[in-house]
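Thanks for sending this one over.

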Amino acid sequence: AQRKLMTTSAAITTCPVLHEDRHVIVVNKPHGVLSHPNPKSAKPQRSAFEGRYDADRRCFHSAASEVFLIHRLDQDTSGVLLAAKDEKMADRCREAFEAEQVRKKYLALCSGGGLKPEGVWLDHLVTEHARHQVRTAVRRGPRPNAELRYRLLHYSAAHRLSLLEIDLITGKTHQIRVQAASRHQPLVGDDVYGSFEQNRVLKKALQARRLFLHAFQLSLKHPASGQPLVVQAPLPEDLAAVLAAAQIPLHL
């Protein structure tokens, strides 16, 4: 059975598989890989799963099987990505996400200081699509529609860097990046909402060459068994190297 699973997963994804059973598959999506193809792009694209993508059903059709995408990670974000192997399981997983019964934890390295040991960020975010670009901004006034909780794991005074463990309660587009930047804590390597000058300095000093945002843990009830399913993705080597260069320990 294990051999059959391995051949199936090789046919439906080129990403490292973190967990697989008859109902779901969880992969470690690398930085630079899309969760699903962008239909408006003419360039070759590498997606988390293989085969033709049906945007209406959020489903990949590979030679081996159908795979239903449950949620998304930005192209620049690495980490845990969940998919289901049939429509019934996909519906159950999506319902759990919508009911906020899924815990998503991230590691983020922010450029800035002065954060309390832990806190809650609440904002109203608005996302606009213009000229093949997606941009999200904080709108002051309306009731919050975006929430995250953070824990400060380490602060480096030498580089003014804060390593955060983030519990993402809602899942808005670019949410962590925008909420951090709006508090003058932009994510290291964020070339959209971050500081161009600071990114240049940190690239030279710490070899921080990309967005430091990694989805390291996903927890939910298994859609078939109801048992707890907790999947973790190790921190990629390039991000671990940035922490080592900044002498920031990682203790989760």
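1. Where does Gln185 lie? Gln185 is found in the loop between helix 3 (175–182) and helix 4 (196–206); helices (H or I, at least four residues) and strands (E, at least two) are DSSP runs, numbered from the N terminus. A word on the basis: this is a predicted model, where local features need pLDDT of at least 70 and side-chain atom pairs count only at pLDDT 80 or more, while totals for chains, interfaces and linings use all residues. Residues are numbered from 1 along each chain as its sequence is written, and side-chain values use heavy atoms, leaving out hydrogens and water.

2. Gln185 counts as buried because its relative accessibility is 4% (buried is under 20% relative accessible area, exposed over 50%, partly exposed in between, with a 1.4 Å probe and protein chains only). A polar atom of the Gln185 side chain lies 2.8 Å from the backbone oxygen of Gly113. Beyond its neighbours within four places in sequence, Gln185 is in contact (heavy atoms within 4.5 Å) with residues including Cys110, Ser111, Gly112, Gly113 and Ser162.

3. Ile176 sits in helix 3 and, at 5% relative accessibility, counts as buried. Setting aside residues up to four places away in sequence, Ile176 touches Tyr106, Leu148, Ile166, Leu168, Leu187 and Leu213.

4. Tyr106 turns up again in the lining of the largest cavity, together with His71, Val80, Lys104, Lys105, Ala215, Gln217 and Leu218. On a 1 Å grid over the protein atoms alone, a cavity is a set of points where a 1.4 Å probe fits but cannot get out, a pocket is an open set with protein on both sides within 12 Å along at least five of seven lines, and lining residues have an atom within 4 Å of a point. The structure holds one cavity of 30 Å³ or more, and the largest cavity has about 40 Å³ of space. Strand 7 (103–111) and strand 13 (213–221) each supply at least two of its lining residues.

5. The second largest pocket has about 150 Å³ of space; a volume is the space filled by probe spheres set on the points, which are joined across faces, edges and corners. Arg92, Cys93, Glu95, Ala96, Gln101, Leu220, Lys221 and Pro223 line this pocket. Helix 2 (87–98) and strand 13 are the elements that give two or more residues to the lining, and helix 2 has the largest share, with four.

6. One distance to finish: Pro223 and Ile176 are 47 residues apart in sequence and 27 Å apart in space, C-alpha to C-alpha.

Methods:
A polar contact is a pair of N or O atoms within 3.5 Å; within protein, one must be able to donate a hydrogen and the other to accept it, and residues adjacent in sequence count only if both atoms are side-chain atoms.
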